[in-house]
Amino acid sequence: HSPRESQVELREHIDSLATGEPNLGGPPCPLPPNVGAQGAHPNPSPELCRINEDQKVALDLDPYVKKLLNARRRVVLVNNILQNAQERLRRLNHSVAKETVRRRAMLEAGGYQGK
């Protein structure tokens with residue numbers, strides 16, 4: 001994998017964890033009605049439903065969802081910064097390689113043998 005592909009896969013994985021898969025055809029999720037309020041995703045992931053069902057306790061997951069969404073936002077931001085830095089380094093490396101070839105050609109045209 002190239003770093004770019006890994007970053008794209010990471011972003012897709014983060015997106016899938018943040019949004020969860022819709023609860024299709026299964027029983028309704030037993031999460032309290034306040035989960036999903038204030039901009040949280042309306043379809044919690046199956047893992048959250050399973051955890052809530054296993055604990056049999058009415059949890060207020062809203063603060064945790066907010067923390068996870070905030071962490072996701074920060075990870076995506078850092079990922080974008082890294083992608084931009086990687087692209088600048090790639091362009092710089094390309095420019096250095098071109099300059100090296102140009103100078104080598106100039107030296108060889110001048111008759112200099114650096115061996």
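This is a predicted model: local features need pLDDT of at least 70, side-chain atom pairs count only at pLDDT 80 or more; totals for chains, interfaces and linings use all residues.
**Helix packing**

Two packed helices are described by the angle between their axes and the distance between the axes. Here the pair is α1, residues 3–19, and α3, residues 62–109. Their axes come within 11 Å. They cross at roughly 165 degrees. Angles over 145 degrees count as roughly antiparallel, so α1 is roughly antiparallel to α3. The crossing of α1 and α3 is left-handed.

Which residues of α1 meet α3? From α1 come Pro3, Arg4, Gln7, Arg11, Ile14, Asp15 and Ala18. On the α3 side they meet Leu69, Arg72, Val75, Val76, Asn79, Asn80, Leu82, Gln83, Gln86 and Glu87. By class, this contact has seven nonpolar, five polar and five charged residues.

**Salt bridges**

A search of the whole structure finds four salt bridges. Among them are the following pairs, given with the N to O distance of the closest atoms.

| Pair | N to O distance | Separation in α3 |
|---|---|---|
| Arg90 and Glu87 | 2.6 Å | three residues |
| Glu87 and Arg91 | 3.9 Å | four residues |
| Glu99 and Arg103 | 2.9 Å | four residues |

Arg90 and Glu87 both lie in helix α3, about one turn of the helix apart. Glu87 and Arg91 are also separated by about one helical turn, because they sit four residues apart in α3. Glu99 and Arg103 follow this pattern, with about one turn of α3 between them. Salt bridges that share partners join Glu87, Arg90 and Arg91 into one network.

The cut-off for a salt bridge is 4 Å.

**Exposure of the partners**

Are these side chains buried, exposed or partly exposed? Arg90 has a relative accessible area of 47%, so Arg90 is partly exposed. Arg91, at 44% relative accessibility, counts as partly exposed. Glu87 is at 24%, and therefore counts as partly exposed too. Glu99, in the Glu99 and Arg103 pair, is partly exposed at 29% relative accessibility.

**Where the two topics meet**

Glu87 links both parts of this report. Glu87 is one of the α3 residues in the contact with α1. Glu87 also belongs to the salt-bridge network with Arg90 and Arg91.

Notes:
Residues are numbered from 1 along each chain as its sequence is written. Side-chain values use heavy atoms; hydrogens and water are left out. Axes are lines fitted to C-alpha atoms, for helices over the stretch in contact, and angles run from 0 to 180 degrees between N-to-C directions. Helices (H or I, at least four residues) and strands (E, at least two) are DSSP runs, numbered from the N terminus. Angles under 35 degrees count as roughly parallel, over 145 as roughly antiparallel, 65 to 115 as roughly perpendicular and the rest as oblique. A crossing is left-handed if the near helix is turned anticlockwise from the far one by less than a right angle, and right-handed if clockwise. Contact means heavy atoms within 4.5 Å. Ala, Val, Leu, Ile, Met, Phe, Trp, Tyr, Cys and Pro count as nonpolar, Asp, Glu, Lys and Arg as charged, and the others, Gly among them, as polar. A salt bridge is a side-chain nitrogen of Lys or Arg within 4 Å of a carboxyl oxygen of Asp or Glu. Buried means under 20% relative accessible area, exposed over 50%, partly exposed in between (1.4 Å probe, protein chains only).
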